[in-house]
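Here's a quick tour for anyone meeting this structure for the first time. Have a look at it first, then read on.

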Amino acid sequence: MDNALRALVLAPHGRDAVLAAHLLKSAGIETDACDDVKALASSVSDSVVLGVVTEEVLRHADLRGLFEWVQSQPTWSDLPFIILTHRGGGPERNPNAARLSETLGNVTFLERPFHATSFISMARAAVRGRLRQFEARSRIRELHESEERLRTALVAGRLGTWELNLSTWELQSSATHNAVYGRGAGEPFSYADLLASIHPDDRDAVATAEKQCVERGGDHAVEYRTVWPDGTVHWAEVHGRMVGNEGVPDGRIVGVSSDITERKSSEERLRRLNETLEERVAARAAENERAHATILEEIRQRQAAEELLRQAQKMEMIGQLTGGVAHDFNNLLMAVMANLDLLGRQVAHDAKAARLVDGALQGAQRGAALTQRLLAFARRQDLKPEPIDLAALVTGMDELMERSVGPLIELRRHIPQGLPLALLDANQIELALLNLIVNARDAMPEGGVLSITVDVAESADDTELSAGRYVRLSVSDTGHGMDEETLKKATEPFFSTKELGKGTGLGLSMIHGLAIQLGGALKLASAPGRGTTAELWLPMTTQPPPVAPKSTPVSERPAELPKATILVVDDDVLIAMSTVDMLEDLGHVVIEANSGRAALDILRSNDSVDLLITDFSMPQMNGAQLAKAALELRPNLSILLATGYAELPPGAGSELPRISKPYQQSQLASEIAKLLDRIVK
């Protein structure tokens, strides 16, 4: 319905139509003018609030269309009409009034001429009645919708409805309700049939619930068993409410019912199941506990593996970084040490200058030692593992260990004889042992006991060591110890518990890298106030110990080394210049080249070159590639590979004689002497 009130006006004379429209509009009612009865019949609808018609228009007109619409109105609708007449509405003065009332239904006659107030009052009364009809229509629609929702809910919930008249004991019930008692659709089902269907053991409970509902009013709910016509027992749940006048014969009880047999069966099964529940719960709990323990162990192992992977990735990343830094640092130190070495010879007569040069050279040598630690952490130091008697190696360091620990610390040794050999690099292990001893000493500033033990230990296949037998070197102290968090970081690079400036943080990380490179492991155990134990596990070997080479008597060595023509190749001009200066100082003829291609051009044009000294890391053509090309030109050419890298890729000239940067003139002279000695022989 539109918000505007709309009336239809049918008047043959324009004056009447205009007047009626004007008066209706002043009363807030919009109007539509109709030309004839047919137009009126086609325009009338449920939304129209009023019809205004002059009697003379209807007197001889065909009213069948209008009559049919009036008769077809919904039950809530009774459209009001105002008939404007000259003879009033009584049958004695207007015989036609009865016919019009019968045809149009809700008719009011207004005699002309009429006063405007009378018309407006009559129109407003008619409209108020029409609006009440509209309100009734809304209520009816809401009621229908509510009933439909109720029916839908009943169907969805499988609920039956019933109503019991307490004065006649007549039962009205739905087919769903009757089915709760085993009755089919269309079968008669009275209140007596209902009572007879209740299980004998439950009838008293049902009667008590209904009596209380009648006497007290309100709701009642009861569950009881029913016996169907086929003899089977089922369960019903019934809810009822007293309506009407409570406690008087004309009261009624209305309610719903449902079949709860399946629910009751489930409850019974659950009850029986619960009888053995405790035993099953205990068994299940034990099973869950075992499964939980298994899962926790798997989670722990996975977390441990993930942590090891993260640590390995971190260490690998830092190792690559430190290895690259060490190589570049070696190149820098090469230039520094070479020039200091040469400068020291030039100022030997000046004591002060010689002392300054010597101090600078010692600083450079310390830098070289630091690069060795970096390479050790990066697992790139040049190791020479050999079968070594670790017990003898440690015993041979007694004097050095005594001096290292100082007078406040008691040094205890547990080193049995006859232990198997271990595969290790003697020089690196000596450095590692001294590092552990110094760490232990620093952890006991007020003195204590430092124990060194060498024994044989067996490892199961764990995350650090593969299964097998190992020779174990243990260093224990009675110092302040480390907590768990510090212990986790102890082997990380640059981590140190010492004061600023008193430690590089590379000691344990270097030993850790060394142990892994040798196929072993470094294990740490510590607790605050209980000291620290560092164990270096080294793989045991059955290989025979190396035979010490016979040293040549000094008298048999040549007094002077032969002079040679040497080709020096290095892309770093500063390093090439330093090397050339050292070689010329030794008396050699030196040719310098700054790339591999330039060196090959020199070899093609100069047959006098006795020795090629080349850097490994060069752009376009590295030292190994240059060596290969040079040997194709000069198969007997001696070649010395100089590199800041301690470890070269496979096939990158690893079989060539090598000298590690930074080197001093004496080291260079020694390597050249070995190569020239081969040429002479």
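## Before we start

Two strands count as a pair when DSSP finds at least two bridges between them. With that in hand, take Ile452, which sits opposite Val475 in β15. One thing to keep in mind throughout: this is a predicted model.

## Strands around β14

Strand β14 covers residues 448-459 and pairs with strand β12 (residues 409-414) in the parallel sense, over six bridges. Here Arg412 faces Ser451 of β14.

β14 also pairs with strand β15 (residues 468-477), this time in the antiparallel sense and over ten bridges. The Ile452 and Val475 we started with belong to this pairing, standing opposite each other. What holds strands together like this? Strands of a sheet pair through backbone hydrogen bonds, either parallel or antiparallel.

## The five-strand sheet

Elsewhere you'll find an open sheet of five strands, lined up as β2-β1-β3-β4-β5 with parallel pairing. Which strands sit at the edges? Those are β2 (30-33) and β5 (107-111), each pairing on one side only. On average, neighbouring strands in this sheet are turned by 25° against each other, direction ignored.

Zoom in on β4 (residues 81-85) and β5: they pair in the parallel sense over five bridges, and Leu84 stands opposite Leu110 in β5. Two helices lie across parts of this sheet. Helix α6 (residues 116-156) lies across β3 (48-54), β4 and β5, and runs at about 145° to β3.

The largest nonpolar core has 40 residues, and the ones touching the most other members are Leu390, Val394, Leu424, Ile429 and Leu450. Helix α15 (residues 426-442) supplies the largest share of this core, with seven residues. There's also a second, separate core of 22 residues, including Trp69, Leu79, Ala97 and Phe109.

Back to Val394: what does it touch beyond its neighbours within four places in sequence? The list is Met401, Ile415, Leu433, Ile452, Val454 and Leu473. Ile452 is the residue that stands opposite Val475.

## A histidine tucked away

His177 is part of helix α7 (residues 175-180). Is His177 buried or exposed? Its relative accessible area is 1%, and buried means under 20%, so His177 counts as buried.

Leaving out neighbours within four places in sequence, His177 is in contact with Gly160, Thr161, Trp162, Leu171, Phe189, Leu194 and Ser257.

Terms used: Residues numbered from 1 in each chain as written. Predicted model: local features only at pLDDT ≥ 70, side-chain atom pairs only at ≥ 80, totals over all residues. Heavy atoms only, no water. Core = buried A, V, L, I, M, F, W, Y, C linked by side-chain atoms within 4.5 Å. Buried < 20%, exposed > 50% of the residue type's maximum accessible area, 1.4 Å probe, protein only. Helix = DSSP H or I, 4+ residues; strand = E, 2+ residues; numbered from the N terminus. Contact = heavy atoms within 4.5 Å. Axes fitted to C-alpha atoms, helices over the stretch in contact; angles between N-to-C directions.
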